[in-house]
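Here is a short note for a colleague opening this structure. The points can be read in any sequence, with the model in view.

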Amino acid sequence: MANYHRISFWDKKAYCLILCFLCWLRFSELVKEMDRVITQGFVLIFLLQGVHSRTLRSESNTAESGQKVTVNTAGEQVVVDNGIIQLTFSNPAGLVTAIKYKGFDNVLNERTKNRVYWDIVWYEPGQVSQTDFLIGEKFKIISQTSEQVEISFSKTWDTSKRGSTIPLNVDKRYIIRRGVSGVYMYGVVERLKSWPTVTMDQTRIVYKLNATKFDYMAVDDHRQNLMPLEADRNLTDGSAAPLEYKEAVRMVKPKNKLFKGQVDDKYLYSMESKDNRLHGWLASEQRVGFWIITASNEFRTCGPVKQELTSHTGPTLLSMFTSTHYAGKEINTTYASGEPWKKMFGPVFVYLNSAPSPDLMWTDAKRQLAAEVKSWPYEFVKSEDYPLRQQRGTVQGQLSVKDSFKSKSKLNEEIAFVGLALPGEVGSWQAETKGYQFWTQADKTGTFTIANVRPGTYNLFAWVAGHIGDYKYEREITITPGKEINVGPLVYEPPRSGPTLWEIGVPDRSAAEFNIPDPDPALITKLYANHPNAPEDRFRQYGLWDRYSAVYPKEDVTFTVGVSDYKKDWFFAHLNRKTGGKKLQATTWKIVFNLKEVSQNGNYTLRMALAAANTADILVEVNKPPSTKPMFRTGMVGRDNAIARHGIHGLYRLFNIGVQTNLLKVGDNTIYLTQNRVTSIFAGVMYDYLRLEGPSGAKQ
């Protein structure tokens, strides 16, 4: 971060005085004699930063950190205090109404009733969706010592509540520990076998902060910035203008002119689960940070690359546990009558810190994240639904790839993810929401260890960047407490019927390598235009779907194998074209390739991998224009909405399409790909990778 302007006034003054003194010395006649002083001066600057970093813990955890943890249950409130932070809960509802820290009597937004709360979006068959805030009915102190307090706010369900509250038993837990600058939160939800069918599309914790103080947001090392106010998104008073969907607005009259003309949209700050471990907000003037730390992803759903919301304008932070974001209704969020279920979400850690600058607060938050990961699974959680380290198991092995048309079988630096999820079909993990998942990345030799696995029965799944398809170990794996399982060497044989004649893209489940256009200058988000990783995050701009019509106003993509460059000539998403107003036109892309001969030893195969799909229908033809009876069609596929939500991928799909020999010819051939559904500007696909294979023995 370039945040010198964020350092406190007195720090600025000290740094400036030292720098001025050093510059004067450098140009004086005493330079040689004062060389030692100059060196010491520069060392002093670094020491100032170092002292800030080393004393950060003492700023966050003051002398009061030696105070015992206390609980006060007087009246309709529960107050827990450890001398560093003080939390106030409504009793028995279990809403966090205040968090006192440093100079803040309350870091939360006092202008709203719901400040820190759980909610689930749910509905029964035939009903409209509604939100249940999991309001507690009973308060209980689970454990209380001078070192730690764990409290519970719970509610139970019976048929008399049907239709008004979600059919779940709920237990919301909070843990405050001595000397710890934060609070651990988790929840256990359960439905019994006889309860009605219900769909639960979203489960989360929401945190709303003081809107007049918290002004700076950080979600990773590069995506950090001053943020607009919630009031800057107001459509009724003209502060903002509406865009294609309600979450996105263009700021017209923001309080800070820096944001004028920019787009604000919570989906701009999404992140894959494997990286979604730390995000938060900072109060710049008060030098206070508020962070969500997730030490483990075991309770999250749909695998390591499921994209999810983090923090956004409000200031708001989210702990997302389940949702249909970037996946759609293809993920299974329905629980049938007669289907019992129980799951623990969390713990997540809400961490507060204080330091002279955002850089130092971010650095300290990352240090705290590392400490939390190292401590997982926590030894202090008092729940029978949370197995401790000695009650968990481990799975080890080594994965290699055997591609009959490639000489190397080891991973050769390729990225491989290996994980455990509920038993299911090949690739089912990316739509699985009901159980726990445990994922790791294999090393360059394919060796992997999946540690701290909850007891249960799992399938072992894997996928490898650089290769199409998914791997599934043929046996189920049962974990019991303390068990260590070595599955030995595993070999993944990706789909292959013959040699590669040509390929477009990289098989990595993403469309990031393709041509991502510049955004409309009137709809730009400067964060992604200016930060060091701007090329990597080019897709995180609003309205890129509209750029297709600008780049290809009349003709569609034509890719000539051996001439075209997929980085420049293959648009990142196959979309409809706008033809005026809201009128849309189907688009047909062409792949032109030359065959020196056509083998008669068998059929050819087109591998078409999709990184995302949203209400699309792709028609495939060979050497003839699109027709109503194409050689192949996907049918309506996908509802992941990744195109609209600035995602570069959604759910992965692989289509293996047979191409009969009689459809091909010696010389130039053309494959036509038509996106046939024109129901929405967001209807379309993102291709991950395309490859044409010849029959075995065909010349490459």
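How many bridges pair strand 40 with strand 41, and in which sense? The first point takes this up.

1. **Strand 40 and its partners.** This is a predicted model. Strand 40 covers residues 618–622. Strand 41, residues 632–633, pairs with strand 40 over two bridges, in the antiparallel sense. Here V620 stands opposite F632 of strand 41. Strand 44, residues 667–675, also runs antiparallel to strand 40, and five bridges join the two. In that pairing E621 faces Y672 of strand 44.

2. **Burial of strand 40.** Is this strand open on one face, or covered on both? Both faces are covered. I618, V620 and V622 are buried on one side, and L619 and E621 are buried on the other. Five of the five residues of strand 40 are buried, so the rest of the structure largely encloses the strand.

3. Look next at an open sheet of nine strands, ordered 7-8-9-10-24-19-18-12-13, with antiparallel pairing. Strand 7 (138–144) and strand 13 (224–226) are at the edges. Each has a single partner strand, so one side of each lacks a neighbour in the sheet. From one strand to the next, the twist averages 15 degrees.

4. **Strands 10 and 24.** Within this sheet, strand 10 (residues 182–191) pairs with strand 24 (residues 341–354). The sense is antiparallel, and there are nine bridges.

5. **Two cis peptide bonds.** The bond from G314 to P315 is cis, with omega near 0 degrees. P315 sits in the loop between strand 21 (311–312) and strand 22 (316–322). The bond from G346 to P347 is also cis, with omega near 5 degrees. P347, though, belongs to strand 24.

6. **Two positive phi angles.** R287 is not a glycine, yet its phi is positive, about 60 degrees. R287 lies in the loop between strand 18 and strand 19. R287 counts as partly exposed, at 27% relative accessibility. C302 is not a glycine either, and its phi is about 70 degrees. C302 is found in the loop between strand 19 and strand 20 (307–308). C302 is buried, with a relative accessible area of 3%.

7. **Nonpolar cores.** Which residues have the most contacts inside the largest nonpolar core? They are M185, Y207, F290, V395, F448 and L460, in a core of 113 residues. Strand 24 gives this core its largest share, eight residues. Leaving out residues up to four places away in sequence, F448 touches V395, L399, V418, A442, L460 and L490, among others. Another core, of 66 residues, lies apart from the largest one. Among its members are Y117, A248, Y687 and L692.

8. I504 is in strand 33, residues 500–505. I504 is buried, at 0% relative accessible area. I504 and L690 are 186 residues apart in sequence, but their C-alpha atoms are 5.1 Å apart in space. Beyond its neighbours within four places in sequence, I504 has contacts that include F514, F559, W570, D688 and L690.

9. **Salt bridges.** How many salt bridges does the whole structure hold? A search finds 31. R162 and E124 form one of them, at 2.9 Å from N to O. R162 is in the loop between strand 8 (148–155) and strand 9 (169–177), and E124 is in the loop between strand 5 (116–123) and strand 6 (130–132), so the pair ties together parts 38 residues apart in sequence. E124 counts as buried, at 5% relative accessibility.

10. **Further charged pairs.** K329 and D201 meet in a salt bridge of 2.7 Å, N to O. K329 is in the loop between strand 22 and strand 23 (334–335) and D201 is in strand 11 (residues 198–208), so this pair ties together parts 128 residues apart in sequence. K329 is partly exposed at 39% relative accessibility, whereas D201 is buried at 13%. R540 and D537 form a salt bridge, with the closest N and O atoms 3.1 Å apart. Both R540 and D537 are buried.

Terms used. Residues numbered from 1 in each chain as written. Predicted model: local features only at pLDDT ≥ 70, side-chain atom pairs only at ≥ 80, totals over all residues. Heavy atoms only, no water. Pairing = 2+ DSSP bridges. Helix = DSSP H or I, 4+ residues; strand = E, 2+ residues; numbered from the N terminus. Axes fitted to C-alpha atoms, helices over the stretch in contact; angles between N-to-C directions. Buried < 20%, exposed > 50% of the residue type's maximum accessible area, 1.4 Å probe, protein only. Core = buried A, V, L, I, M, F, W, Y, C linked by side-chain atoms within 4.5 Å. Contact = heavy atoms within 4.5 Å. Salt bridge = Lys/Arg side-chain N within 4 Å of Asp/Glu carboxyl O.
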